[in-house]
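Visitor: I have a model open and want to go through some contacts. Can we start with a pair of helices?

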Amino acid sequence: MPEFVSNLLNILLVALHVLVFPGLLFAAVGGLLLAGIDRKVLARMQRRVGPPIVQPFYDFFKLMGKETIIPAAARPGIYQAAPIIGMVSLSLMMLFFPIFGHSAAFATKADLIVILYLLTIPAVALIIGGSASGSPFAGVGISREMVVMLGYELPLVMVLLTVAKKVGGDTMTFALEDIAVWQLANGSLLFHWSMIPAAIAFLLIIPAEVGTQPFDVAEAETEICEGPLIEYSGAPLAIFKLNTAMKMFVMTALFQVLFLGGIDLGKYWLLGGAVLFVISAVLTVLCMTFIHAITARLKVEHLFKFYWTVVAGLALVSLVLVWFGL
Amino acid sequence: MFKKLIAESMTKSPWIYHVNTGSCNGCDIELVACLTPRYDVERYGFKLAGTPRHADIVVVSGPITSQSKDRLIRTLEQVPNPHCVVTIGSCPQSGNVFKGSYSVEAPLEKFCEVDVAIAGCTPKPEAIIEGLYKAAQILKKKREAMQ
Amino acid sequence: MIQFYEHFPVISVMGLFLAAFLVEIFGNKNKTIRYGISLIACLAAAAMTLYLIIPVFRDGKIISYWMGGWAPEGGYAFGIGYEIDGLGLFFGILTSITFLMSVIFSKRYMERDAHLGHYYTLFLMLAGSVLGLVFTGDVFNLFIMIEIMTFAAVALTAFRHGKHPEALEGAFKYLVLGSIGSSLTLLGVALLYLSTHTLNMAQISALLSSQGFKPTTLFAFAMMLSGLAVKSFVVPFHTPAADAYATAPASVSTLFSGMVNKAGIYGMIRLTYILFRVMDRESVMLLLALIGALTMFVGVTMALAQHDFKRLLAFHSISQIGYVLMSVGLGSVLGLYGGLFHALNHTLFKGLLFLTAGAVYYATGTTNLDKLGGLAKRMPATTACFLVGAFAISGIPPFNGFASKWLIYQAAYEKAVQSGNFVYVIITITALLVSVMTLASFIKVTSAAFLGQQPASLKEVKEVPFSMQLPMFIMSALCLICGLLYRPVLTYLVGPAVSAAMDPSAYIDTMMGSGYAITHGVLPSSMGFAMISAWDPRFWLLLFIIVTCAVTLVAVSDARTRGPVSLPQPGETDAKHATFFGGEKSTHSHVSGSDLFWGFKKDLKGYFHVIGDLHSGRTNDYALWVVLGVTVIMLFTFIFLS
Amino acid sequence: MILVNYIVSICLIALGLYVMCSKRELIKIVIGMGIMDYGINMLIVSIGFHENGTAPIYTLADIINGNLSFFVDPIPQALTLTSIVIGACVDAMALSLVIMIKRRYKTTDADEVRRLKG
Amino acid sequence: MFPFAKKAVSNLFKKPSTVRFPEVESPAKPAYRGRIVYDAEKCVNCGMCIKVCSPGAITRTVEEVEGGEKITYDINLTSCTFCGTCQDFCGTKAISLSDDYHMVAEDPKDLIVSGSRIKEKVAGRVTLKQEDCVYCGLCARTCPENAITVDRATKTWKINYKECVQCGQCISKCPKKALSFQEPKAQGVINGGDCVFCTLCSKKCPVGALTVDRAGKTWEIDRSVCIKCGLCVSSCPKHTLVMGDVDDNTPARFEKSAAPVKSAPAPAAPAKEAPAAPAKEAPASGNAPKTPENALKTVPAAPVADSPTKAQKSAVSVNKAAAAAAPVLSGLIPQAENSWDTGVVLGPDCIYCGLCMRKCPMEAITVDRASKSWQIDREKCVWCGICVSGCPKKTLKIDALSAETAKEAAVPEAPAPEKNAEAASQAKAVPAAAATGVVFGEGCIYCGACAGACPVGAISVDGSEWSIDRDACIQCGACVGTCPMGVLSIGPLE
């Protein structure tokens, strides 16, 4: 039956999308590579040689091979499920992003607000997992993680609303596809001067979302022993580390979707898009690395203040400019 | 395939947990010196972990004072397998100049199996790198033995 | 020809009242009789209310019922009429679900208390009054029902005064403020009668539309709006809610958050959309949206500072009501959809959360977050239900809270863009931010009460009995279903309610005879509704399950290659599985709720101090808040509406 | 003189609110609630009042004589009746709560009956 | 932040400053103190390195093998602080610290540097040709074991053979070639005959070779136990014990009178057993040498010295019991077999200075200056004569005891109060009437010896000023006796 066959093929295609490209495998490999680049470049900025770019892979596989100790105070179910939930929700996010002319696999299934909330799932998974481990250090860690989240959520919301207004005009839109189409027609949002503060704000949000210096208060290994991850070992820890890398990847992809979607490659969309994607992802990560290299860890209250004043201020500037049609 | 990859990764990404059991800080400083741009052990994937749960190699410095003995043993228990124990300097191996004191419990062999001993008072960072590298190889063997 | 189901509304309301008296007469001694009567009455009322879905929602009929057959005579309504349109039935369904769940939960939850006859009497009176409130088509009847509701609610709040003397305090504050609210409503009703000489809502709506607004009408509007705002506990009238919800038994708190403040919201929607039909005015929209935004922000920030599980939930109730009011106040179809859907969701998840709080109280004897910890090990079912509720209220996809909040954000921002008013942008941002703060405070509860370490005093805690778990499971399932199938829910459940609110002409015609609306200038309005964007939680969940299964499959199939899993021996404490304390012997150490979010609280300590001091706990201050709120609403009404 | 009625009732309502806002004594707060109630009741009765109106009762003689004269609106009176009953209930409830509070808190001062705050 | 940013960007385009160590060998800096190199052939087994090593990282093993001793040195690098002191102290440069820092091992035993050689046996032991010695002390300073002590002032040269490892360093260092390995002559302690059986010698004896019976007036030495340390010789108050050549005929026992020996001699058994016990314990302690010879060397003196003291005490108590049975303490006339026929007798000139009290080795004398009482516990007194020779007024003497003195001594409370008061008034009258005192003559070097000797602290010497508090002075003459220049005397004051 041809209908049956086409259904089967469709299902296979969906499975391929979800598990391989641009889903789980792509995000995982891309994320780990980006993390490796981050570590390498950071090392070079500090005049070190640094680890090989594939170092995160080694870390991941090593942790997979280690023993998983489940502490007596932990609740085993939640403790083990939390990292997987985070990983899966991150891997699904890539399905909704249209990147450089590649339309998203499932563009009509989610919009900007959904993305905003899907982004919280990995953080919540980390928090719940850390809390389930029963360590007081983890308690402090999740508290900080939550404060960081409270901090960056305000500017992030503002940036997203700015984009929605800029793209949609008087009808405003949250759909990612609309954003891509508008940018193809009117040029990338990054090159509209009123959006530049918002783009900077977004770039400043990425490190907090990913949890790198100077916004790594939640997992400060030197003061609270890696916070929520303190009791994690073996495979769950590996997946949490993978989550961090994938979050980096997703955030760079989101940056491209929001601010760099306007580069029209014409008929070279397949190869050119891929190359451009890699370049822009690396550049975005380089911004993050650069911030990492030149700063030390902030205190949590300073971090919160920073996000609610400086970054939110930047986003607000853009929002007001866009609001008045600039 | 994954078995081999995992075993190989064991040597490439050993994370260190450092326990100071009453050391004079000489060895601790040298261990940190290994992480500086000059020696940069991160080249080989070495990283300082914040908790023993993440550690592959436990580095012990200091003459195991009786106050720190219980804490050290408890910490060593909490490290997931496979793991290695490395001693830096003379103190954990013998007690060094503190041996014979009522408050010193060295050597470490009394409490656990020591995989690599790095001698020196303090060892040069190069020696520490060498020792950690050796420990990483042992990790791989232990991982293979676990299978 | 009167259909048999047209009797259902009045039977369900009167049945509940009758059962209340029966319980008081027969059930004071025998617990089987009193519980049987209560359960049967609740089941019957709920069943009848739910049956009305068929004619009202499916067939689009509006049921009108004249008490004693006193139909309008000469275009004037004299008798008391019940009228069930989509809006009333929607809230009736919420009410039914709530009291049904609560009565099932009450069986074991209240078993340790004395005087349960009185409890069930008051319970049934509360249920009947709220049901009557949403079904009635008469303003004075509305006032009566509000009074019965307040009366029963106050008595139920004070029910556990033996163990918790604070319950008396909460009840007293509730009574004082509630009576101010009732008085204001009565004043409004009286003034409304003064200008229209009728008490029937449909007729009032038609007459007001034809005669326009006089100062008396405006005054009546302000008074009734304030009175109903007191009943729905929006800022600045929210203060008794926190005290009453926190001190009442959890089953009653469920009723409060599921029905009582919904009744207030229902009254406000009825008032603004149908009675006065002022929702085409920007100023009213702004007023309601601002009150809503203020409510959700104050509610959530107060919740962040709480130490008591139920008091925290009470402030969240206030905050979520803010969402509903804000969204309803946008005046758009999308906003109404979002608001009503959120009201439904709030009933589900907040009811669920109060039930879990009750379960925690039942099992441990306290709801103080600083004394709880590690309950997940002992109460897995309660924890699972709590997590569902917490994720739902925090708007984590794919639970129902997200779906409705998503609609609300869209509605708010659409409103902002269309009206060009920057205030709505701020309101949108506030709404999004409050959602994260909600998450934060539920993270606090999760980590302080359910996860983390167990205090020694809680080692012997047992899971609650099944009859208490059942309503929690049902609520959890409903939370998930409403989240996943939000489109059908919107279409078949919320849609009729929205059209009823947007189109009062049918309501008027059914009550007063067809053609009455048009003659008084109430025209049927059309509904334009388009969601701005897409979200398919079913699809997302499907993918989620696929990937999770794939990952789990890989994990299980490759278990030998992975490192071994080392589980702790039950009952033993070995160093390997002990909590890492930097090598110290692990002792009980639990980060309690009040220690969380330090940086946040420090940066905003000015705000937190002020808002904390404002909630002084003094009855006079709260009365003053109400007077100030009424004054502001009155001034606003007279300045912007006349 | 219907205007006087309105003014007095509004004054009573305002007085009731003032008492509730300013008096620390719980009993006085309850009294304030009562005063407010009476003000509203008075207002409602006044709404139905008509100058020179008669009681809203038809006697047989009136019907026979066709002397259906102008009478006051009966509905507000019915409302007032209900409202008074409800008000009495509420006052009784409030007073019983005050008695319980006095028993448990050993005071009826609103300043000290504030364990629930913040 | 800007400078950091600039630095970060500029670093990105610079070569890393990392030393690529395992790939590229990185030599240690000059003077780095790394792995210890031990040249066994150069080692003379002096043990200096062991002595100076603060963490005790060096151990020596000596095995008897054919043709001498196999001496092994183990230098444990896991115990070493790499201070380099062993290198500095090694006389023959057998130990040195290299710049090799690769001291990493899976087995800590791999980190032990060891070397051994066979040392031929040396006949005899280090002996001084006294006439050639100039007491320069070079040998003492050279000795790694600190076995030699040289006192230039008193011209004594002593060697502790227990410590000596016969390394021969002293012999090679001696400028006068006065030292050599020689077979030792048998030496021993000889009692000269003036013995008063005070038991001081037996108390000092570290090995318990001496047995003195005061009651029976016997002195006995067990030559097999004696280690010829000479402590008894130096402790003898009568200078009657001397170290001399002995042979089998030299008597080991000395008796003075025919007084019956009432108590049994002190049991020698514990003394003999004593050395064995610590020898058994020795290997248990961490770095104790393992050979019997070393064990002997490191026998602590204390337990050995202790047991005879106890034995002595028990013997005394037996004596006391015997004495208590006798009617001595009841104040009757002494009998022939009474041991208290002699004793220290106080003459009339006593000024109660208390010098005798402080000098008495047996703490038998009690002097109370305030109440002007002088008491002696005859039980304790051994009439060694130290108090007699030390008395500034020369009023004490050892004499036969009269019945009264014996009684007085036995019952110190006996003097009547009025007699006491009379004595006190007399004593007070003396300085006022005579107006004598310490006279300060020419030639003082302000050494302060007199101030130190003064029992009442009346003299103070500060810089070049000598002063005396006449009111405090008791004219005991202790300062006069102490003065090295002889410038003080007791005479009439001007």
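Visitor: Which residues of helix 8 and helix 20 of chain C meet?

Guide: In this predicted model, Ala202(C), Gln203(C), Ser205(C) and Ala206(C) of helix 8 of chain C meet Pro504(C), Tyr507(C), Ile508(C), Met511(C) and Met512(C) of helix 20 of chain C. Contact means that the C-beta atoms of two residues, placed from the backbone, lie within 7 Å. Helices (H or I, at least four residues) and strands (E, at least two) are DSSP runs, numbered from the N terminus.

Visitor: How do the residues of that contact divide by class?

Guide: The contact of helix 8 with helix 20 of chain C has 7 nonpolar, 2 polar and no charged residues. Ala, Val, Leu, Ile, Met, Phe, Trp, Tyr, Cys and Pro count as nonpolar, Asp, Glu, Lys and Arg as charged, and the others, Gly among them, as polar.

Visitor: At what angle do the axes cross?

Guide: Roughly 120°, and the axes of helix 8 (residues 201–211) and helix 20 (residues 504–512) of chain C come within 8 Å. Axes are lines fitted to C-alpha atoms, for helices over the stretch in contact, with angles from 0 to 180 degrees between N-to-C directions. The two helices of chain C are therefore oblique to each other; under 35 degrees counts as roughly parallel, over 145 as roughly antiparallel, 65 to 115 as roughly perpendicular and the rest as oblique.

Visitor: Left-handed or right-handed?

Guide: The crossing of helix 8 and helix 20 of chain C is left-handed, meaning that the near helix is turned anticlockwise from the far one by less than a right angle; clockwise would be right-handed.

Visitor: Numbering and cut-offs, before I go on?

Guide: Residues are numbered from 1 along each chain as its sequence is written, while chains are lettered from A and ligands numbered from 1 in the order in which they are written. The model is predicted, so local features need pLDDT of at least 70 and side-chain atom pairs count only at pLDDT 80 or more, whereas totals for chains, interfaces and linings use all residues.

Visitor: New topic: how many residues of chain C are in contact with chain A?

Guide: 66 residues of chain C, against 73 residues of chain A. Helix 17 of chain C gives the most to the chain C side, with 13 residues. That side divides into 41 nonpolar, 18 polar and 7 charged residues.

Visitor: Which strands pair between chain A and chain C?

Guide: Strand 1 (residues 68–69) of chain A pairs with strand 3 of chain C in the parallel sense, over 2 bridges. Pairing requires that DSSP finds at least two bridges between the strands. Ile69(A) has Ser566(C) as its bridge partner in strand 3 of chain C.

Visitor: And what is the strand order in the open sheet of 6 strands?

Guide: The order is 2(B)-1(B)-3(B)-4(B)-5(B)-5(E), with mixed pairing. Strand 2 (47–48) of chain B and strand 5 of chain E stand at the edges, each with a single partner strand, so one side of each has no neighbour in the sheet.

Visitor: Where does Ala117(B) come in?

Guide: Its bridge partner in strand 5 of chain E is Ala105(E). Strand 5 of chain B and strand 5 (residues 104–105) of chain E pair in the antiparallel sense over 2 bridges. Thr87(B) also stands opposite Ala117(B), and strand 4 (residues 84–88) of chain B pairs with strand 5 of chain B in the parallel sense over 3 bridges.
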